[in-house]
Amino acid sequence: MTQHEFDVVVIGGGSGGSAVAGCLAEGSRASICVLEAGPPDDDIRIRVPLGVMALMGHPVYDWRYTSEAHTHLNGRRVSVPRGRTLGGSGSINSMVYIRGRASDYDAWAAGGCDGWDWQSVLSRFRNAENNSRGSDDLHGADGPLHVQDLPSPHPMVKQLVRAAEDHGIPPNDDFNGDRQEGFGNYQTTMRDGRRWSPADAYLHPAVKRGAVTVFNDMLVDRLEIDGRRAVGVHALHDGQSVMIRARQTIILAAGAVSSPAILMRSGIGPGGHLQSMGIDTVADLPGVGENLHDHPAIGMHYGGGSQGYALSFATLLSNALAPFRYAFGRRGLFASNTVEAGGFARTQPELDEPDVQFHFIPARLGHEGRPVVWGRGYYCDVCVLKPNSRGRLRLNGPDPHSPPCIDLNLLADADDEATLLRGARLLRHILASDHLTGGTATELVPGPEVSSDDALRSMIHSRLGTAYHPVGTLRMGAKNDARSVVDPTLSVIGIDNLRVADASVMPEIIAGNTNAASMMIGTAAADFLHA
């Protein structure tokens with residue numbers, strides 16, 4: 001067995017793992033290593049924003065998980081893509097930069113997560129941010145994470161904003177500002193028109209300085225626990241066993257799917273389930289794998305018209321010139337993150353804050369298994385921001401090559417379905433606006449014949465997906481809360497020298513895309529270890 005030893009071992013080179021490793025390396029003489037199951041992030045498709053179209057579902061860069069069958073979704077399984085390279089899902093996502101709103105974090109604090117209120121996390125967001133618009137009370141301009149406006153957003157975005165205005169939803173040029181509600185362009189984690197991943201922001205600079213060692217293609221099996229102390233990591237590299245010992249601490253940052261699976265394979269989790277898998281129980285923590293939730297989402301497709309990115313005879317020349325426009329100016333089609341715009345809205349006027357979010361792509365997407373089809377059009381989805389439904393994650397067996405059992409349990413709560421139905425109706429009204437259709441684009445999915453509530457519900461059950469934001473499987477909370485897996489310092493309850501730094505610790509999902517918050521959690525873990 002090959003053996004290594006470091007002061008700090010970080011499991012996972014994704015959003016949280018990159019952030020915690022990079023921040024720990026600042027001003028520290030500790031030896032730090034990062035174990036990443038996937039390959040390096042040197043593929044040009046990761047760098048070029050439009051490459052996201054080829055990365056989701058990629059057999060190398062995406063774990064390509066699927067959920068268990070949903071009995072109330074016609075027995076369907078739902079795709080659960082997760083990044084499998086340095087930068088994690090932050091290297092294959094659409095780069096949308098959303099931090100969530102103040103009430104998200106204040107609710108965490110009120111629920112027992114002391115020190116996670118909005119004012120406490122805002123300083124971490126500001127310190128991380130290098131916003132091209134400059135700094136103010138809510139934004140930073142000196143951090144490692146580059147955030148910028150799209151260099152050349154599609155003109156359809158302006159028409160989308162006007163269509164939303166017609167339905168009482170105001171324009172919004174900063175979803176991370178004082179007000180979340182509204183429609184507009186999303187800011188992105190880009191630098192000079194190229195993806196700026198968590199690894200770019202935090203990990204690669206630390207590796208370049210010699211402060212962090214990265215092991216790629218290192219599949220973590222389980223933790224080595226001595227009594228109640230985490231002392232090492234058992235992993236596989238090219239089929240060979242590797243032991244990486246940790247002199248000081250181990251930080252689990254493999255994400256909301258893999259982190260609980262690693263804990264359970266290590267004997268940390270629900271005792272009954274571990275026994276059924278033939279795993280000896282080291283710590284009976286019933287919350288491990290529970291509280292799984294995501295933003296349930298449904299999309300609508302329009303075809304026709306004379307606008308949008310497209311594969312068509314009319315766009316042959318512009319598409320042929322697009323690589324050159326990007327290479328020499330970082331603009332145009334290849335600079336698009338695809339999800340260029342969207343917004344947040346209230347589906348009932350009495351609500352204090354938005355309950356749905358929209359993701360708009362100014363291109364015609366395939367809806368029968370192909371990502372892109374011939375012709376013009378556009379696409380937008382709507383997702384529930386604060387779902388009540390909760391699923392769970394369990395092992396299918398002790399083998400680290402075996403994908404876990406992911407039970408998303410989407411729309412199990414009737415209120416989630418009701419919110420999504422209202423959101424879908426609102427989205428349909430916006431997308432049907434003459435501002436977007438020009439009188440010629442037509443609704444393909446769900447289609448004009450799907451008009452009643454029952455028909456819309458049926459469509460939702462047959463097509464529902466998620467916004468790809470799984471969280472919550474290692475819930476953070478007070479130590480005396482039986483649901484908690486980690487305490488507010490991100491330490492695993494009952495196990496010494498073991499912390500978690502990824503989206504799995506979120507007690508409740510934030511209102512928006514989760515990548516920025518995942519990086520913030522990583523920086524918080526580094527702060528706790530520096531303290």
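Which residues does Ala501 touch, not counting residues up to four places away in sequence? I will come to that in a moment, after a word on what we are looking at. This is a predicted model, in which local features need pLDDT of at least 70 and side-chain atom pairs count only at pLDDT 80 or more, whereas totals for chains, interfaces and linings use all residues. Residues are numbered from 1 along each chain as its sequence is written, and side-chain values use heavy atoms, with hydrogens and water left out.

To the opening question, then: Ala501 touches Gly16, Gly17, Ile251, Leu252, Ala253, Ile521, Gly522 and Ala525, where contact means heavy atoms within 4.5 Å. Ala501 sits in the loop between strand S24 (498–500) and H14, with helices (H or I, at least four residues) and strands (E, at least two) taken as DSSP runs numbered from the N terminus. Its relative accessible area is 0%, so Ala501 is buried; buried means under 20% relative accessible area, exposed over 50% and partly exposed in between, using a 1.4 Å probe and protein chains only.

Turning to the chain as a whole, we have 14 helices and 24 strands. For 531 residues a compact globule would have a radius of gyration near 24 Å, and the protein chain, at 22 Å, agrees with this; the radius is taken over C-alpha atoms, and the globule rule is 2.2 Å times the number of residues to the power 0.38. The C-alpha trace spans about 70 × 50 × 45 Å along its principal axes. Of the 531 residues, 61% are buried, and among contacts with a separation of 6 or more, 69% are between residues 24 or more positions apart.

Next, the interior. In soluble globular proteins, nonpolar side chains tend to be buried together. Here the largest nonpolar core has 131 residues, and Leu35, Trp116 and Leu431 have the most contacts inside it; such a core is a set of buried Ala, Val, Leu, Ile, Met, Phe, Trp, Tyr and Cys residues joined through side-chain atoms within 4.5 Å. Helix H14 (residues 515–530) gives the most to this core, with eight residues. Apart from this core lies another, of 13 residues, including Ile98, Phe175, Ile361 and Leu385. Leaving aside neighbours within four places in sequence, Leu431 is in contact with Leu160, Met300, Tyr302, Phe360, Tyr378, Cys380, Leu436 and Thr437.

Helix H8 (residues 255–265) is another element to look at, because 11 of its 11 residues are buried and it is therefore largely enclosed by the rest of the structure. Just after H8, Gly267 takes a positive phi of about 90°.

Finally, some backbone geometry. Most residues other than glycine have a negative phi, and most peptide bonds are trans. Met95, although not a glycine, has a positive phi of about 70°; Met95 lies in the loop between strand S4 (79–80) and helix H4 (102–110) and is buried, with a relative accessible area of 0%. Leu490 likewise has a positive phi of about 70° without being a glycine, lies in the loop between strand S23 (465–466) and S24, and is buried at 0% relative accessible area. The peptide bond from Val445 to Pro446 is cis, with omega near 10°, and Pro446 is placed in the loop between strand S22 (442–445) and helix H13 (453–463).
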